Amino acid sequence: PRRRLNQVFSIYLISMSLWAFVTFGMRHSPTLPQALPWEKAIFAVLPLVSASYYHFVSIFIKPRNRGWQLPLVYVSIIFAWTLMPTDLLVKGMKEMSYGHGFIQGSLILPYMFIFYGIIILALVQLILAYHKLESTVEKRRYTFVAVGVVICVIGLFTDTLAAKGIQIYPLGIFSNIIFSGLTAYAI
C-alpha cells in the first residue's frame, strides 16, 4: 500500500469503477430524461480515468524530464468539468439498438481527441520505454499493460461508433474489464 505505483493504480481502478457505476446508472435508467444526468457523469469521469492511467504509466515506466505533462493532464480535467453542465458534449439522449445512447454535442470530437489522446500518449510512452528494457520479465509486464490499453481504446471506439448510430454493440465496459485485469496482473 505504501508504493506510489500501487496508490496511483488504486486511484485508476477507483475511477474505472466509478465510470462503470455511472454507465450502469445510465443504462438502467427507465427513461431518457433520467438517463441524461448519468450520461453527463460518464463524460465527467472519463478525464479521471485518462489522467490516472497516464499518471500510473508515468510512474510505471519511470520517465525523466516530463514534469510538465502530468500537471497539464490533471488541468485538463478541470477544463472537461466546465463543459459538463452545457450541451457541448452531450445534447440529449436517444434510444439505440443496444439501449440508451447519447446525442453528441459540438465539442465531442475535441473532447474525445484530448482524453483518448492522453491514453494513447501513455501507450506511446510505454512502447518507447519497452524498447529500452533488457529484462524479459519487465518486457512481459509492459506488454500486458500495452495490450490492455489497446483493447480498452478499441472498446471505447466501439462506444463512439455506436453513439454515431452504427449498428454495433458498445464494448467499452467489457474492454475496460479486460484492460483492468491485464494491468493488475502486470503489476
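This passage describes the fold, the surface and selected residues of a predicted protein model. Residues are numbered from 1 along each chain as its sequence is written, and side-chain values use heavy atoms, with hydrogens and water left out. Because the model is predicted, local features need pLDDT of at least 70 and side-chain atom pairs count only at pLDDT 80 or more, whereas totals for chains, interfaces and linings use all residues.

The protein contains six helices and two strands. Helices (H or I, at least four residues) and strands (E, at least two) are DSSP runs, numbered from the N terminus. Read from the N terminus, the order of elements is α-α-α-β-β-α-α-α. The radius of gyration is 17 Å, close to the 16 Å that the globule rule gives for 187 residues, so the protein is as compact as a globular protein of that length. The radius is taken over C-alpha atoms, and the globule rule is 2.2 Å times the number of residues to the power 0.38. Along the principal axes, the C-alpha atoms fill a box of roughly 55 × 30 × 30 Å.

Of the 187 residues in the protein, 47% are buried. Buried means under 20% relative accessible area, exposed means over 50%, and partly exposed lies in between (1.4 Å probe, protein chains only). Among contacts (heavy atoms within 4.5 Å) with a separation of 6 or more, 66% join residues 24 or more positions apart. The accessible surface of the protein is about 9900 Å², and 71% of this surface belongs to carbon and sulfur atoms. Accessible areas come from the Shrake-Rupley method with a 1.4 Å probe; for residues, only the protein chains shown count as cover. There are 15 positive and 6 negative side chains, with the centres of the two sets 10 Å apart. Lys and Arg count as positive and Asp and Glu as negative, while His and the chain ends are not counted. The place of a charge is taken as NZ of Lys, CZ of Arg, CG of Asp or CD of Glu.

The two strands, E1 (residues 90–96) and E2 (residues 99–104), pair in the antiparallel sense over six bridges. Two strands pair if DSSP finds at least two bridges between them. E1 and E2 form a hairpin, with two residues between them. Within this pairing, Val90 stands opposite Gln104 in E2, and Gly92 stands opposite Ile103 in E2. Strand E2 is mostly covered, five of its six residues being buried. Gln104, in strand E2, has a relative accessibility of 18% and therefore counts as buried. Leaving out residues up to four places away in sequence, Gln104 touches Leu89, Lys91, Thr160, Ala163 and Lys164. Met26 is 78 residues from Gln104 in sequence, and the two are 16 Å apart in space, C-alpha to C-alpha.

Helix H5 spans residues 136–163 and includes Thr158. The relative accessibility of Thr158 is 7%, so this residue counts as buried. Apart from neighbours within four places in sequence, Thr158 is in contact with Ile168, Tyr169, Pro170, Leu171 and Gly172.

Helix H6 (residues 172–186) holds Thr183, and Ile177 is also found in helix H6. Thr183 has 0% relative accessibility and so counts as buried, whereas Ile177, at 57%, counts as exposed. With neighbours within four places in sequence set aside, the contacts of Thr183 are Phe9, Phe56 and Val145. Ile177 and Ser135 are 42 residues apart in sequence, and their C-alpha atoms are 28 Å apart in space.

Two loop residues were also examined. Thr31 is found in the loop between helix H1 (4–28) and helix H2 (32–60). Its relative accessible area is 34%, so Thr31 is partly exposed. Between Thr31 and Met84 the sequence separation is 53 residues, and the C-alpha to C-alpha distance is 20 Å. Pro85 is found in the loop between helix H3 (69–83) and E1. With a relative accessibility of 68%, Pro85 counts as exposed. Pro85 and Ala184 are 99 residues apart along the chain, and 34 Å separates their C-alpha atoms.
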